[in-house]
Amino acid sequence: MRMIVTKLIQLVVVLLVVSFLSFMLINLLPGDPAEVIIPFGTPQARAQLRHDIGTDKPLPQQYAHWLNNVLHGNLGQDYQTHQQASTIIKQALPKSLQLLFYAEVLALLIAIPLGVFSAYRAGSVADRIANLTVFGLLSVPDFILLFLLTYYLGVKNRVFPVIYPTNTSGVSGWFKAWFLPAASLAAGQLAVYMRLLRTDMIATLQEDYITMAKSKGLTNGRILWRHALRPSSFSLLTATGLSVGALIGGAFIVEVIYSIPGMGLTLFNAISQRQYVLLQACVLVIAVGYVLINFVVDILYSVLDPRIRHARAAA
Amino acid sequence: MQHSARANRWSVRFLASVAALAVVAAACGGGSSNKSGSGSSGSNSGGTPVAGGSITYGLDAESPEGFCDTTAQLAAAGILENLAIFDTLTVPNEKGQMVPYLAQSVTPSPDYKTWTIKVRPNIKFQDGEPLDSNAVKANFEAYRKGPLFGFVFQNIVDERIVDPLTVAVDMKVPWIAFPSFLFGTGRVGIVAPNTLANPTSCSNHPVGTGPYMFKDWVVNDHMTVVKNPNYWRKDSAGRQLPYLDQITFRPIIDPVSRLNALKAGQLDLMMTDNGDTIFQARQAVNQGTLADVENQQSAEIGYTMLRVNKPPFDDQTAREAAAYAADRDELNQITNHGLNTLTNTPFAPDVFGYVKEPRQPPIKFDLNKAKQLVSQYKAAHGGKFEFTLSSTNDPTTIKLAQLLQSQWQAAGMTVHLRSADQGTLINQALGGDFQATLWRNHPGADPDTQYVWWHSGSPVNFGSINDPQIDHDLDEGRSATDPNTRKADYEDLQKVFGQKLYNLWSWYALWAFISKPTVHGINGPDLPDGGGKQGLVASVHPMVGLWVSK
């Protein structure tokens, strides 16, 4: 419990830093932010904007004003669409989360059995083929893979949609709709996950308790999945948390190519169309999300490994 | 019209944004050997239109500012969306002449200082408001007071209600081409007066008299319009327009994804000005799997805009050197598969007063001549011929800029590149912060619509052209009632550009509307008063005539 409280305090500090840096995005714009944000706006619109974002106040006061709004769910108004940034993000975020979730699950679903098998058969031909394949996938940028998958599975054979469909029907429709972008993103991740798990698993399989399990006549499957996998998965867990950043980066490009109206496409348009308030809100949400995911991963360590939990409790 | 100096600045900035829509650069567009002009192919020859059905239309951009015609900056995609919702008072016919559309008549006084606009009776906006003289006046006021069109309509002194359907518009000076400005490349739609008072509502829930009614808009995802059951038009066979029940617009930024989606059947129709995409689409058209309509009528011009009051391009020798050193055929081949039609004038062939070769002999790529001119310039300017070429930061335009840089450097010039997003590039142009920049602009059938870009008194004369002959041609061309005088003015204007090389013209932009073979009606139905179909203007085609065959 004490450990969680300490972690929470650290989390709050990190979130404050993240929020301040996001806030500074607009303040770092050269000249009058109102001129930059709405270059073709009327003086009335610019005056309203200065009032809304409080640029006529001292910096600490501006930050406090902005943070207060953020904490109340007000991320500011986008002055091009005349919509609240939070409204736009509420529409975009679930789509990105679905994509990231699908990609992570897909990557883990393939990487875990492949990593276990590869470790169990370390050095065999099958292990080498598996390694070669995942390294091949790792070396192909996700957007190139998306173009290839789109062409062969979408345009040529029409198995999957080639752009994000506005309407999907049923669970199978959902899986089909998201498959190509999720698979493109998952391809690079599964190589990392599989390799990490394989390495840790090989080390685990050398442990005395594994030898003991074998001598007791436990089946290979039981040894691998019940006794070896859990202690071998810490690096995998760390990588899964950290890779959210890489996935978000890849998702930006994939969302643009696949026309998914998620955070990546929103961010891309916000940058290219100079929607600074929306850009600031997107950066804040993504950064906070990244921090929170890694906080959860940190907590999960102690759930997975009783040694960490007990050590922290003892400390 | 009472505008403060500050108000004028927004107008200037906003007008500049119109150019922004075109800035994308000289890289895009083009012409074809077999489909120049307002050509049509399979997609428009589908027999008898049938009512019903829906289509998904892939666009090249989102319109983040929404759809309020009087205030929103709209790129080509947004204009198409708005043409589903709004009608304009006039439209061009296939000959490029403006004819009444929402208006029943648009009549000048003998001296062209007053235009009388009478709208058709019994037309209602989609919210039930009547289209009458009050609505037209309210729209004029909104356009004139707004930052986007205030500068364009600065020649208007006042608009007066004559009767319930008629408005008279008084001008400062005679304005021959006023009906062209009422179309405004499809941008001057008549907006429901109730929505004009609320910018947010006007942007996010547009209401017009057009063939389709706004249904919903999810930013970056889609915008849907549904059939307006009370639309005022029927086709020449008496069938109610529009034919389709619904159009869903999808912004798909990447042109490859857009074409793939069309090929995979997720889209029914798409727009593009990307040379690679048009090239690929033509292969599918030849195989019969897709159809397309390509347009370069009243086309925009891709060109290098020069700042002619700053070194080095304040010196004609430098401008000539740059012109002779640019191998436009090579640029065209590499950036657009050679699809573009090169031009030596700022006007498309259908534009009033067009002259094919305003300079005799025309300038052609000549590296030796360019090198001589560079040496000549360097000798007179301390041994330096150095400048920066600005461009937008999309890959196609950057490629074009790099190619131009290599060609100019081969002639002995030192060329630096600078790229920026479109908004920044426009701000740089407004502030005079450039020496040469890749640009695209000047669509429209009447040359008077280009007045503000080149007249010495205009704040959006980005290149700072200050030529009394051009001013004279533009002023007289705007007001001369004798068509021959106007024609001579605009011919002369092109000759002055040809001689002085204030801008280095490259090619006409080519827009393609690519579709499944079952989609028809891109050129629209016959005009309401007969006389053929509506003419296409650059990236603009009517939405009212779209239909799908079974």
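These questions and answers walk through chain B of a predicted model and its side towards chain A.

The model is predicted: local features need pLDDT of at least 70, side-chain atom pairs count only at pLDDT 80 or more, and totals for chains, interfaces and linings use all residues. Residues are numbered from 1 along each chain as its sequence is written, while chains are lettered from A and ligands numbered from 1 in the order in which they are written.

Visitor: What average pLDDT does chain B have?
Guide: pLDDT is the predictor's confidence in each residue, from 0 to 100. In chain B, 91% of the residues score at least 70. The chain average is 89.

Visitor: Over which residues of chain B does pLDDT stay under 50?
Guide: Where pLDDT is low, the predicted coordinates should not be read in detail. The stretch in question still has 139 contacts beyond four places in sequence in the model. Two residues are in contact if their C-beta atoms, placed from the backbone, lie within 7 Å. The stretch is residues 1–43.

Visitor: Which element gives the largest share of the side of chain B that touches chain A?
Guide: On that side, 35 residues of chain B are in contact with 32 residues of chain A. Elements giving two or more residues include helix H6 (199–204), strand E10 (246–251) and helix H13 (422–430) of chain B. Helices (H or I, at least four residues) and strands (E, at least two) are DSSP runs, numbered from the N terminus. The largest share, 5 residues, comes from H1(B).

Visitor: Which are the edge strands of the open sheet in chain B?
Guide: The sheet has 7 strands in the order E8-E9-E10-E1-E11-E18-E12, with mixed pairing. Two strands pair if DSSP finds at least two bridges between them. Each edge strand pairs on one side only. They are E8 (212–218) and E12 (291–295) of chain B.

Visitor: At what angle does H7(B) run to E11(B)?
Guide: H7(B) lies across strand E1 (54–59), E11 and E18 of chain B. Axes are lines fitted to C-alpha atoms, for helices over the stretch in contact, and angles run from 0 to 180 degrees between N-to-C directions. The angle is about 155°.

Visitor: Which residue in the turn between E4(B) and E5(B) has a positive phi?
Guide: The two strands pair in the antiparallel sense over 5 bridges. They form a hairpin with 5 residues between them. The phi is about 60°, and the residue is B:Tyr112.
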